[in-house]
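Welcome! Here is a short tour of a protein model for someone meeting it for the first time. Have a look at the sequence and the structure, then read on.

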Amino acid sequence: MHNGIKILIADDNIVNQKLNCFMLKKLFAETTCVDNGLEAINKLRTHTFDVILLDLYMPEMDGFETAKYIIREMGIKIPIIAVTADTYASTSEKFLTSGFSACITKPFKIDELNLVLTGLLNKNVASIGN
């Protein structure tokens, strides 16, 4: 369970947005959805989030470019989870150099998402304590 964590979801597919929001609400997370990377960046300028779920292939600005911009240009250091149907994406050089914290492959189950979130959030809390 992830009571009260704030998650930004960037995905150009409305069905995926709704499904992700539904699953995350079952985990008691607060969600905000946007349609692409540019909208995610704009949302991050005015709101704070604990985690970002970022589709890799979106119009306007893809997930790779968005993650790099968030980390390098904005200096925001929060877990960014790549969400993709591309099973090669998580092992590609592009994925590794973009700064993603983890990758989850579509379609995924709520238990898989929960495990990834728990691992990342526990790691973040441990690094803050050191």
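Is F100 buried or exposed? F100 is buried, with a relative accessible area of 10%; buried stands for under 20% relative accessible area, exposed for over 50% and partly exposed for what lies in between, with a 1.4 Å probe and protein chains only. Please keep in mind that this is a predicted model, where local features need pLDDT of at least 70, side-chain atom pairs count only at pLDDT 80 or more, and totals for chains, interfaces and linings use all residues. Residues are numbered from 1 along each chain as its sequence is written, and side-chain values use heavy atoms, with hydrogens and water left out.

**Overall layout**
- The protein chain holds 5 helices and 5 strands, where helices (H or I, at least four residues) and strands (E, at least two) are DSSP runs numbered from the N terminus.
- Starting at the N terminus, the order of the elements is β-α-β-α-β-α-β-α-β-α.
- The protein chain has 130 residues, and 44% of them count as buried.

**Aromatic pairs**
- Searching the whole structure turns up 2 aromatic pairs; rings of Phe, Tyr and Trp (its six-membered ring) pair if their centres lie within 6.5 Å, and planes under 30 degrees apart count as stacked, over 60 as edge-to-face and the rest as tilted.
- Y57 and F64 make an edge-to-face pair, at 6.0 Å centre to centre and with 70 degrees between the planes.
- Y57 is partly exposed, at a relative accessible area of 44%, whereas F64 is buried, at 2%.
- F64 and F100 have ring centres 6.2 Å apart and planes at 85 degrees, so this pair is edge-to-face.
- Because F64 sits in helix α3 and F100 in the loop between α4 (93-98) and β5 (102-105), their pair ties together parts that are 36 residues apart in sequence.
- Through these ring pairs, Y57, F64 and F100 are linked into a cluster.

**A charged patch**
- D12, D35, E39 and E60 form a negative surface patch; for such a patch, residues need over 30% relative accessible area and no salt bridge, and like charges are joined within 9 Å.
- A salt bridge here is a side-chain nitrogen of Lys or Arg within 4 Å of a carboxyl oxygen of Asp or Glu.
- E60 belongs to the loop between β3 (51-55) and α3 (63-73), and E60 is exposed, with a relative accessible area of 62%.

**Around L120**
- L120 is part of helix α5 (residues 110-129) and is buried, with a relative accessible area of 10%.
- From C-alpha to C-alpha, L120 and A102 are 8.1 Å apart in space, while 18 residues apart in sequence.

How values were computed:
Patches are made of residues with over 30% relative accessible area and no salt bridge: like charges are joined within 9 Å, nonpolar side chains (Val, Leu, Ile, Met, Phe, Trp, Tyr) within 5 Å. Accessible areas come from the Shrake-Rupley method with a 1.4 Å probe; for residues, only the protein chains shown count as cover. Lys and Arg count as positive and Asp and Glu as negative; His and the chain ends are not counted. The place of a charge is taken as NZ of Lys, CZ of Arg, CG of Asp or CD of Glu.
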